[in-house]
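Keep the viewer open and click along as you read.

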Amino acid sequence: MRGGEALHQCGPRAAAEEVDAARVEPRQVGRGLEVVMAFTLRNQNPAEVARFGEAMVGFDEVLDCAQVLGRFDFIAHIAVRDVPPLEN
């Protein structure tokens, strides 16, 4: 998610905008379902926020993640093969 000043991207992927990238068709790599998920943390202290960001970076399915202001704490763009992986 490219966005305004209110967004804070998770982990090292934030630097990805500074390098060249290739666009891959998700269906061709077995990830035909893309969703945007919203997350609310129980505790928004800096350690929890950092731990969540690090966890999100560890999932290959997470294409992008941003900290946001408002009802939710984070939103993430996720690509998976189908629904069951999202339920885990």
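A salt bridge here means a side-chain nitrogen of Lys or Arg within 4 Å of a carboxyl oxygen of Asp or Glu. Keep in mind that you're looking at a predicted model. Arg51 and Glu48 meet that cut-off, with their closest N and O atoms 2.5 Å apart.

**The overall layout**

- The protein has two helices and four strands, and along the sequence they come in the order β-β-α-β-β-α.
- Of the 88 residues in the protein, 24% are buried.
- Take the contacts between residues at least 6 apart in sequence: 62% of them join residues at least 24 apart.

**The salt bridge**

- How many salt bridges does the structure hold? There is one, and it's the pairing of Arg51 with Glu48.
- Side chains of opposite charge can pair when their charged atoms come close.
- Arg51 and Glu48 both sit in helix H1 (residues 46-57), and because they are three residues apart there, about one helical turn separates them.

**Helix H1**

- H1 has twelve residues, and at 1.5 Å a residue they should span 16 Å; the end C-alpha atoms are 17 Å apart, so the two values agree.
- Which residues of H1 are buried? They are Val49, Phe52, Gly53 and Met56.
- Look down the axis of H1 and you'll see its buried residues fall within an arc of 100°, which means they line one face of the helix.
- What do those buried residues pack against? Their partners are strand E2 (33-39), E3 and E4.

**The nonpolar core**

- The largest nonpolar core is made of ten residues: Leu41, Val49, Phe52, Met56, Val62, Cys65, Phe74, Ala76, Ile78 and Val80.
- H1, strand E3 (62-67) and strand E4 (74-80) each put in at least two residues, and E4 gives the largest share, with four.
- Ala76, one of the core residues, touches Val35, Val36, Met37, Phe39, Met56, Val62, Asp64 and Cys65, leaving out residues up to four places away in sequence.

**Phe39**

- You'll find Phe39 in strand E2.
- Phe39 and Phe74 are 35 residues apart along the chain, yet their C-alpha atoms are separated by 5.1 Å.
- Setting aside neighbours within four places in sequence, Phe39 is in contact with Phe52, Met56, Phe72, Asp73, Phe74 and Ala76.

**His77**

- His77 belongs to strand E4, and its relative accessible area of 25% makes it partly exposed.
- Which side chain makes a polar contact with the side chain of His77? That's Glu34, at 2.5 Å.
- Not counting residues up to four places away in sequence, His77 touches Glu34, Val35, Glu61, Val62, Leu63 and Asp64.

Notes. Residues are numbered from 1 along each chain as its sequence is written. This is a predicted model: local features need pLDDT of at least 70, side-chain atom pairs count only at pLDDT 80 or more; totals for chains, interfaces and linings use all residues. Side-chain values use heavy atoms; hydrogens and water are left out. A nonpolar core is a set of buried Ala, Val, Leu, Ile, Met, Phe, Trp, Tyr and Cys residues joined through side-chain atoms within 4.5 Å. Buried means under 20% relative accessible area, exposed over 50%, partly exposed in between (1.4 Å probe, protein chains only). Contact means heavy atoms within 4.5 Å. The expected span of a helix is 1.5 Å times one less than its number of residues. The arc is that of the directions from the helix axis to the C-beta atoms. A polar contact is a pair of N or O atoms within 3.5 Å; within protein, one must be able to donate a hydrogen and the other to accept it, and residues adjacent in sequence count only if both atoms are side-chain atoms.
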